[in-house]
Protein chains: 4
Amino acid sequence: MWFSSDNAGPAHPKVMAALAAANEGYAGSYGADTQMQAVRGLIREVFEAPEAEVFLVATGTAANVLGLATLCPPWATIYAHTHAHIEEDECAAPEFYTGGAKLTLLPGADAKIDLDALRDALDGTPDGFVHHVQHGALSLTNVTERGAVYTAGEIAERAALARAHGIPVHLDGARFANALVATNASPAEMTWRAGVDVLSLGGTKNGLMAAEAVVLFDPARAWEFELRRKRGAHLFSKHRFLSAQMLAYLQDGLWLDLARAANQSATALAEGLADLPGARMLHPVEANMIFADLPRRTHDALHAAGAHYYFWTKDPPPDALPDATFAARFVTNWATEPEDVDAFLSAARAA
Amino acid sequence: MWFSSDNAGPAHPKVMAALAAANEGYAGSYGADTQMQAVRGLIREVFEAPEAEVFLVATGTAANVLGLATLCPPWATIYAHTHAHIEEDECAAPEFYTGGAKLTLLPGADAKIDLDALRDALDGTPDGFVHHVQHGALSLTNVTERGAVYTAGEIAERAALARAHGIPVHLDGARFANALVATNASPAEMTWRAGVDVLSLGGTKNGLMAAEAVVLFDPARAWEFELRRKRGAHLFSKHRFLSAQMLAYLQDGLWLDLARAANQSATALAEGLADLPGARMLHPVEANMIFADLPRRTHDALHAAGAHYYFWTKDPPPDALPDATFAARFVTNWATEPEDVDAFLSAARAA
Amino acid sequence: MWFSSDNAGPAHPKVMAALAAANEGYAGSYGADTQMQAVRGLIREVFEAPEAEVFLVATGTAANVLGLATLCPPWATIYAHTHAHIEEDECAAPEFYTGGAKLTLLPGADAKIDLDALRDALDGTPDGFVHHVQHGALSLTNVTERGAVYTAGEIAERAALARAHGIPVHLDGARFANALVATNASPAEMTWRAGVDVLSLGGTKNGLMAAEAVVLFDPARAWEFELRRKRGAHLFSKHRFLSAQMLAYLQDGLWLDLARAANQSATALAEGLADLPGARMLHPVEANMIFADLPRRTHDALHAAGAHYYFWTKDPPPDALPDATFAARFVTNWATEPEDVDAFLSAARAA
Amino acid sequence: MWFSSDNAGPAHPKVMAALAAANEGYAGSYGADTQMQAVRGLIREVFEAPEAEVFLVATGTAANVLGLATLCPPWATIYAHTHAHIEEDECAAPEFYTGGAKLTLLPGADAKIDLDALRDALDGTPDGFVHHVQHGALSLTNVTERGAVYTAGEIAERAALARAHGIPVHLDGARFANALVATNASPAEMTWRAGVDVLSLGGTKNGLMAAEAVVLFDPARAWEFELRRKRGAHLFSKHRFLSAQMLAYLQDGLWLDLARAANQSATALAEGLADLPGARMLHPVEANMIFADLPRRTHDALHAAGAHYYFWTKDPPPDALPDATFAARFVTNWATEPEDVDAFLSAARAA
């Protein structure tokens, strides 16, 4: 019963098989492997973007910050949600990689950037005034950090504001596949057709061992990106092992199948949780993350049964009453089994 | 016949098996996996360093620059060989990670830092003069970038100069195992007993998929290192897959066995090359790298036979005469087979 | 009638005389001038801080960011008011100089950091969690950017929270003299006795040409500061001209006399403004800055009379009604004459 | 008898008078003063460069590093002489401001970059290879750090190599006026006509208090430069005091008159030194700097007579023999009087 994070789960067997196959014999280093050519071709096809450039890295933070540094100069600011991963979970890696750009934090329900707040922020700050940071980039996250999903139309509305102010758009897609299957949008609709310039296409949380793609829909700055990746120490020598993961992921729609499985597990888990006495859902459950208040007694029963998950945002104090509620986050992944959900809910109901 | 680099070769089957085993079920993220505890314990044991702190990353450049940034402030300089990897092959990643420290380049045969040149550089620059960069750190590389090996005593001589000037010592050990088996030094003798503070312990070039350890013999700055790793986007979420590789590597001396095999292949290859008409060895062959001048006709024959390797430092022009010689680098790895060496030499001899 | 900023005014005649006197003959460079010794001694005396180290720079931003970079590592955050100068008016210089630290923005009336908001921010963020930035430093501004003044006790309350979380305190004192005369606090009471570690002691806005002091009450990091100043290109070769300004400023209490004059002019101006029909004061006037809403007709009359000041935060649109009010900022300085105030108020009353 | 540096001397009386005049009344801040318009116009006229953009800062290092950061990205290298000021005297400020670019150091007599060495360096490093830093910029220094002067033709030869490799050219002109009067080249001939893109136009060493201009002959990156200056904390609020200095400097050829005086003093001093027994000139004396070996007894006599200058590169040990020679640097400035030279030579001859 592991619901602590989608990165606590295993890699998919097809990915492991692809790694084993890629391990045969010798290969060109640093991206000169034949699988990388296939990855590039497949992403261009899947995204209907024949000009796009594609690069692989091993962590989601690397994908985000290399993409942002390529979009935003050091004297500008990145508009992002207060709860964006780039703000709360990357230990100032965006500031490091951009050379000291700012993040301007915006509110919005369920960690989606409020459209009016974005408009006000862009309109309210004069560009071209040397004392201020300049407008830099907009960074959206889909699935959001609170489990909500932007539709392609919602992405497009926000991107349009950014473009009207002359700044590019980054999409943190650590859970991009989960957002696609939740909305039935095509990859193109959710990205470049909606105005996205650079996508962090997550794989690690959805069945890979450690591989993320950065997709530059405008290839003009691809060489700069390559230099930034190298200089950030993120260029793999035995690159074929990144390529093999990403190739297996995208082939035959595996990425969407895995995301669909994770989302379905979350739906099942959320329905069960919502029915528990004293439970309250804190955000809509649109992908594979659930945020809920549960009574302390329920938490105790779950922990006694061996469940893994995080309190959000504070742990119950020792003297908390049994009926006092505490928020927690539950994340499913491709490998979550119906039995895991059932066992979890049984333990919770027994409280 | 791949002799382009030790990173063109495959991962060892035991490593692949360890990855498959590590993929069972769920595990704590970001280093909270049980394998990482075992890695830490094993490195402390192998290095006879019970206080050492150990962190894993996926690239050798990451290991080097995170270690150096932890040792050297932005207003200081790192003493390194002119041909050090950190100077020639990391696209200014050390400058990026240190926040703009300098590298002071030193000469020396076979890419080993000349002892007198180091002494002169340290003595010749006043520390405490605000206009200059300050003394920062000494970075040594073993095996060197020209295939030579420092003995533990040679490391100690250079480290002693650094310590006399109050600066710490970093060892780039991308091919550390190859240096150990070449000298019969123990891990402790080659590192902390010789005055090394931080070791980049390579694995990728010697049978891993992508895993390097950074060993801090003085644990005082371990937390700073962790923050720098996170902020550099080098902290893996599914960290168990780094741990599993490193554990397999160190268990039962696999790392030394693999390095021994690579070194032996290089010796065999070098002996054959040295006997070729018109060949000239450019550096002593002490580990798994060979630098040699060969006539153009020999290069032509080798390429016709399908050999992979790099010219060093320039390609033959189209009109080069058959007897004109051109330098090349040949690197063996754990997977190099006697037949690979034989086939290569046969092709060369046929020229 | 210049009320646009205190930096629009001239340098004081005593300062000009001191510069002329300092221009006689030769002097040691880079701070080795005799006046600098006198500056250091005088600041130690005035602040009752015999151990303090003192450095001069030419801009307030340089003073702030060099001080902050010395206090706060790149992986930490600086707690500051949403309207702090370091956030709104320095084009991400703090991020540049710290190597990419964050600013965590806090609310509070009149640009004073709300005590509860500071407590919540410090308590709410776990220190020692590698994914977040760490607690870095607290930066206060006195006089605030909205013209209010912290008492020494209010500084101490906020500094105590910072110290309880183990972080140091920076005070942006671009208008420090104005704050002192407004509160009758001694320099020591307003700084180190209240828990301040590093002070940016402004001079430029209060009668100097271009000179600011950075006072490190704890001298432990003085050498690091010197290196950061040099490396930031802020070490003056003909340093005696900075020293001479600061010496004239501090001798015989000139700095306090000038600040007192500026504050009195502001009081007079504020009283007159408050009586105007349709006027509304937006913040308490405690030093030399006034923020007020005035009807458009009043603004028109003032501009017609040649008054200089900034709208705050937006310009009246062309079609604004005469009675519609628009905010503006008015800043007095040491050279403001009673006639300037009278002329201004007469023009405003005539509207 | 001060020959320690041209920055030990005073500001010229016309400069002091200009500052006093500029101190009348109020002025726009941050470069919006009327004098700055005049400075811009005058520099465009003097340099025959009607499109050039001009910015003022207070230190030569600021001028250099802001210019270089605008020309060279973080993943590239700046070609410079081993003894360039940007390498030896700026405490890694170029690395800081560029975000971690490298300096590639080149040899050459008298601190002039050897033409062949530059060609080899540019030809020898492959551009477009991701592991290396890329070609970034060429930085020349005129007058060089050893007192020699490039002719306009020599600048042009080196700039042509840079341009052939697609990189821009920076000229550190801390002593630019001295180089002009030494060669009789026009400002245009020595800069943009020779291929220079950005000039650091020194004033501080030649009669100003603290003011340097940065001239961007290509205005395309002027806005970026302004943002970098602000963010580097080098934008002066009371900017009129920088403008007034630079205006006085350029008006009526004052800058050239002052440089001519300094150069003539150096010639007179050098002639006298060359005739001393045991003396040896170390570099040609082409501007206002002299490097010479003198016997210890001569040094002793000079110091006894109160002369100020620096040993270059090491101090005589206590037991040095009277005839043993030690190198020293002697720098004249606009204020050097014939009597200073005579008194110095008399003291030396008396040894």
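Student: Which hand does the crossing of helix 13 of chain B and helix 14 of chain B have, right-handed or left-handed?
Tutor: The crossing of helix 13 of chain B and helix 14 of chain B is right-handed. Keep in mind that this is a predicted model.

Student: At roughly what angle do the axes of helix 13 of chain B and helix 14 of chain B cross?
Tutor: Roughly 135°, and the axes come within 8 Å. Helix 13 of chain B covers residues 296-304, and helix 14 of chain B covers residues 338-349.

Student: How are helix 13 of chain B and helix 14 of chain B oriented to each other?
Tutor: They are oblique to each other. Angles over 145 degrees would count as roughly antiparallel, and this crossing is at roughly 135°.

Student: Which residues of helix 13 of chain B and helix 14 of chain B meet?
Tutor: Thr298(B), Ala301(B) and Leu302(B) come from helix 13 of chain B. Their partners in helix 14 of chain B are Phe344(B), Ala347(B) and Ala348(B). The residues of this contact are five nonpolar, one polar and no charged.

Student: Next, helix 6 of chain B and helix 7 of chain B. At roughly what angle do their axes cross?
Tutor: At roughly 5°, and the axes come within 10 Å. That makes helix 6 of chain B roughly parallel to helix 7 of chain B.

Student: Which residues make the contact?
Tutor: Helix 6 of chain B contributes Leu115(B), Leu118(B), Arg119(B) and Leu122(B). Helix 7 of chain B brings Glu157(B), Arg158(B), Leu161(B) and Ala162(B).

Student: Switching to aromatics. How many aromatic pairs over all chains?
Tutor: The count comes to 62. In one of these, the rings of Tyr26(A) and Trp2(B) have centres 5.9 Å apart and planes at 15°, so the pair is stacked.

Student: Where do Tyr26(A) and Trp2(B) sit?
Tutor: The pair crosses between chains. Tyr26(A) is in the loop between helix 1 and helix 2 of chain A, and Trp2(B) is in the segment before helix 1 of chain B. Tyr26(A) is partly exposed, at 22% relative accessible area. Trp2(B) is partly exposed, at 22%.

Student: And what about Tyr97(A) and Phe96(B), what kind of aromatic pair is that?
Tutor: Edge-to-face, with 5.2 Å centre to centre and 70° between the planes. Tyr97(A) lies in helix 5 of chain A and Phe96(B) in helix 5 of chain B, so this pair joins two chains.

Student: Is Tyr97(A) buried or exposed?
Tutor: Tyr97(A) is buried, at 4% relative accessible area. Phe96(B) counts as buried, at 11%.

Student: Which residues do ring pairs link into a cluster?
Tutor: One such cluster holds Phe3(A), Tyr309(A), Phe311(A), Phe330(A) and Phe344(A).

Student: Now the backbone. Is the peptide bond from Asn142(A) to Val143(A) cis or trans?
Tutor: Cis, with omega near -5°. Val143(A) is in the loop between strand 4 and helix 7 of chain A. The peptide bond from Trp312(C) to Thr313(C) is cis, with omega near 15°. Thr313(C) lies in the loop between strand 10 and strand 11 of chain C.

Student: What about phi at Asp110(C), positive or negative?
Tutor: Positive, about 60°, although Asp110(C) is not a glycine. Most residues other than glycine have a negative phi. Ala233(C) has a positive phi of about 70°. Ala233(C) is in the loop between helix 10 and helix 11 of chain C, and counts as buried at 2% relative accessibility.

Note on methods:
Residues are numbered from 1 along each chain as its sequence is written. Chains are lettered from A and ligands numbered from 1 in the order in which they are written. This is a predicted model: local features need pLDDT of at least 70, side-chain atom pairs count only at pLDDT 80 or more; totals for chains, interfaces and linings use all residues. Side-chain values use heavy atoms; hydrogens and water are left out. Axes are lines fitted to C-alpha atoms, for helices over the stretch in contact, and angles run from 0 to 180 degrees between N-to-C directions. Helices (H or I, at least four residues) and strands (E, at least two) are DSSP runs, numbered from the N terminus. Angles under 35 degrees count as roughly parallel, over 145 as roughly antiparallel, 65 to 115 as roughly perpendicular and the rest as oblique. A crossing is left-handed if the near helix is turned anticlockwise from the far one by less than a right angle, and right-handed if clockwise. Contact means heavy atoms within 4.5 Å. Ala, Val, Leu, Ile, Met, Phe, Trp, Tyr, Cys and Pro count as nonpolar, Asp, Glu, Lys and Arg as charged, and the others, Gly among them, as polar. Rings of Phe, Tyr and Trp (its six-membered ring) pair if their centres lie within 6.5 Å; planes under 30 degrees apart count as stacked, over 60 as edge-to-face and the rest as tilted. Buried means under 20% relative accessible area, exposed over 50%, partly exposed in between (1.4 Å probe, protein chains only).
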